[in-house]
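Hello,

Here is the structure I said I would pass on. My notes on it follow below.

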Amino acid sequence: MLTVVSDTHSTSSHRLTGRTLDAVREAESVVHLGDFIYESAGASAYDGRDVELPSGASQAMDLADFRHLHRTYRTDRFLRRALRRHTLIATWDDHEIVNNRYWDYEADAPGCWPADHPAANDAERLRDLFADGIRAWWEYLPARVRYDEDAPLRERIRLNREFAFGDLVDLVVTDERLHRSEQAGTQRARQLSFQSDDESGSSRTILGERQREWFLDSLDASEATWTAWANEVLNMAFSLREDGNRVYNADAWDGYEAERATITDALADVANAVALTGDMHTALAGYVQQSYPDDDEASPSRVGVEFMTPAVTSVNLGELLELPDGEFGRRLASELVAETNPHVEFFDSHHWGYATVTFTPDNCTYSAWAVDKDSDEMGDRERLAILRVRAGETEIRDVR
């Protein structure tokens with residue numbers, strides 16, 4: 001069993017409940033899909049959870065600030081216990097350094113959007129910020145990855161790697177932040193409408209050329225029954241209607257359609273592909289496809305399944321949009337998602353928690369669990385879903 005977690009947020013809450021940890025004692029490994037820390041600090045709505053940075057700023061500004069954030073998260077006794085008990089397989093997302101970060105290939109420099117960080121418009125300060133965030137992540141996360149402080153910034157750390165669980169599961173981990181090009185939703189590229197090429201004519205990438213070729217080779221070489229992919233941001237298409245138009249998230253794979261097509265073409269040749277995804281603070285399950293036609297009657301070109309873990313504590317859509325709570329609110333959100341995303345089989349963005357994925361030679365079983373993010377003590381947990389895929393099939397079944 002793999003336990004999948006994502007998105008812990010210090011200024012709202014950064015505690016894993018004791019019940020959560022008791023529930024995952026039998027797990028082989030804990031897979032963390034990014035935002036292990038957030039770069040922000042300040043007052044919290046929860047008692048005893050304020051964070052003050054050494055710099056006095058509201059966002060991390062240097063190595064001392066990043067180290068302080070990592071140490072602050074480690075004060076959580078449940079997190080310390082989890083790291084003692086379980087092997088942690090971690091990658092990152094954006095908030096380990098700065099919101100919506102990317103690499104500007106034209107300038108050969110890091111970037112972020114929107115430019116709301118104090119260093120965003122100062123190229124030298126932003127480069128130093130990236131260097132400090134990378135170093136702090138390497139210092140504090142128990143990951144056996146290569147780090148070279150003297151290498152060019154984009155080459156200092158290499159998070160893409162593979163884990164073999166016998167001949168049952170090959171887990172492939174990617175880095176979808178350090179090498180990604182500018183998002184289609186940024187101001188400079190706002191009019192691109194998710195075309196495959198940016199203004200300079202170079203292909204937009206989320207993996208970078210070298211990592212993409214490594215990833216494709218890894219998929220091709222996998223001989224395990226299941227090939228799992230630790231994937232930071234949603235791969236499948238996902239849209240909602242706003243004023244009659246479809247709205248996509250360009251910060252996920254929807255903003256990198258050409259490269260997504262390359263990956264899904266490769267997944268078509270993988271017998272049992274499972275993407276394990278974070279980022280959206282939501283429990284979600286659906287199908288990875290080679291295309292996402294607007295016509296609901298069109299035959300889906302399924303190449304795998306995607307299971308998303310909810311956030312441990314970060315704000316979810318229910319909280320952000322102040323959606324009605326309870327069964328009515330959850331059903332309303334699911335219906336809104338289903339309207340434009342027929343490939344999504346399950347959606348819940350009203351809860352916080354974690355997910356488990358259990359692999360056997362015959363099945364892959366995903367369970368989404370809700371826990372109380374406000375509690376410092378043992379609390380009840382609620383199973384939101386039990387979904388299963390049989391080996392050799394691409395069909396999600398509800399087995400509750």
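S367 lies in strand β18, which covers residues 363–371. Bear in mind throughout that the model is predicted. With a relative accessible area of 5%, S367 counts as buried, because the cut-off for that is under 20%. Its side chain makes a polar contact with the side chain of R383, at 3.5 Å. Once neighbours within four places in sequence are set aside, the residues in contact with S367 are Y354, A355, T356, R383, A385 and I386.

Next, the largest nonpolar core. It has 42 residues, and those touching the most other members are F66, W92, I97, I134, W137 and I157. Two or more residues come from each of α2 (63–74), β3 (87–90), α4 (123–140) and β18. The most is given by α4, with seven residues. As a general point, nonpolar side chains in soluble globular proteins tend to be buried together.

F66 is one of the core residues named above. Not counting residues up to four places away in sequence, F66 touches I37, A60, E96, I97, L129, D132, G133 and A136.

The last item is Y38, in the loop between β2 (29–32) and α2. Is Y38 buried or exposed? Its relative accessible area is 6%, so Y38 is buried, the limit being under 20%. The side chain of Y38 makes a polar contact with the side chain of H281, at 3.3 Å. Y38 and T8 are 30 residues apart along the chain, and their C-alpha atoms are separated by 7.3 Å.

Regards

Conventions:
Residues numbered from 1 in each chain as written. Predicted model: local features only at pLDDT ≥ 70, side-chain atom pairs only at ≥ 80, totals over all residues. Heavy atoms only, no water. Helix = DSSP H or I, 4+ residues; strand = E, 2+ residues; numbered from the N terminus. Buried < 20%, exposed > 50% of the residue type's maximum accessible area, 1.4 Å probe, protein only. Polar contact = N/O pair within 3.5 Å; in protein donor to acceptor, adjacent residues only side chain to side chain. Contact = heavy atoms within 4.5 Å. Core = buried A, V, L, I, M, F, W, Y, C linked by side-chain atoms within 4.5 Å.
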